[in-house]
Amino acid sequence: MKIGKDTVVGVNYELDVDGQKLDASGDTPLTYLHGHGMMIPGFESRLEGLSIGENYDFMVPAIEGYGEFNENAIAELEKEIFLIDGNMSTEVFEGAQLQLTNQDGQPMVGVVKSISDDKVTMDFNHQLAGKDLHFTGSIAEIRKATSEEIEHGHVHGPGGHQH
Ligand SMILES: [Zn+2]
C-alpha cells in the first residue's frame, strides 16, 4: 500500500529549521489521516506515494509550510488593553506568547516583541512563518482509513481519537 488520500499514516519525523532540530516524533510515530489537511500541505504532498519502511528527506519551502512572513501581522497595540486594575499584567513581557481575541471574536496567538511607554508591539505571524522546513524520517505504518474515520476527518485508535 502507498500513501494516498484516505490512508492512515504512521510517520517518524524530525523537523529541522535553520539547521536546528525543532521537533521530532520520538518513540511513537505520528499518526494522521492523509489528504484531509491535517498536516501542512508541503508535507503531505511529499509523502504521497511512499510505502512502509521508506525513508524520506525533503525541504518544504515556507510558502507550502506556515506561509511567508507578513509585516502586516506585526501590530502596535495600546498598552491600556494589557492593564489589570491599572497595572501591567505579569504575563506581558518581551518574548511572551499571548492569546488575544480579535474584533471578530477569533483567538489570535502572538509574541510580544517590545514594550514602550504606551504601546506593546506584537507579532502575530506563526513562529515558523517565512522558514523553510527540513523533514527527515521514515514511514512506519499505512492502512486504509475506515469510513468512520473519513467521515470524522481524523484517526481513531492508537495515536488518534479515543471515542
Ligand atoms: Zn472520530
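**Entry 1: Ser114 and its contacts**

I looked up the neighbours of Ser114 and found that Ser114 touches Glu94 and Thr121, leaving out residues up to four places away in sequence; I count two residues as in contact if their C-beta atoms, placed from the backbone, lie within 7 Å. I note that this is a predicted model, in which local features need pLDDT of at least 70 and side-chain atom pairs count only at pLDDT 80 or more, while totals for chains, interfaces and linings use all residues. Residues are numbered from 1 along each chain as its sequence is written.

**Entry 2: strands E9 and E10**

I placed Ser114 in strand E9, with helices (H or I, at least four residues) and strands (E, at least two) taken as DSSP runs numbered from the N terminus. Strand E9 covers residues 107–115 and pairs with E10 in the antiparallel sense over four bridges, pairing being called if DSSP finds at least two bridges between two strands. The bridge partner of Ser114 in E10 is Thr121, and three residues lie between E9 and E10 in the hairpin that they form.

**Entry 3: the faces of E10 and its pairing with E5**

I went along E10, residues 119–123, and found Val120 and Met122 on a covered face, with Lys119, Thr121 and Asp123 on an uncovered one. In a regular strand the side chains alternate between the two faces of the sheet. I also found that E10 pairs with strand E5 (residues 74–78) in the antiparallel sense, over five bridges, and that Ile74 stands opposite Asp123 in E10.

**Entry 4: the chain as a whole**

I counted two helices and 11 strands in the protein chain. The radius of gyration, taken over C-alpha atoms, is 20 Å, well over the 15 Å that the globule rule gives for 163 residues, so the chain is more spread out than a compact globule; the rule is 2.2 Å times the number of residues to the power 0.38. The C-alpha atoms fill a box of roughly 60 × 40 × 25 Å along the principal axes, and 17% of the 163 residues are buried. Of the contacts between residues at least 6 apart in sequence, 62% join residues at least 24 apart.

How values were computed:
Buried ≥ 20, exposed ≤ 12 C-beta atoms within 10 Å, placed from the backbone.
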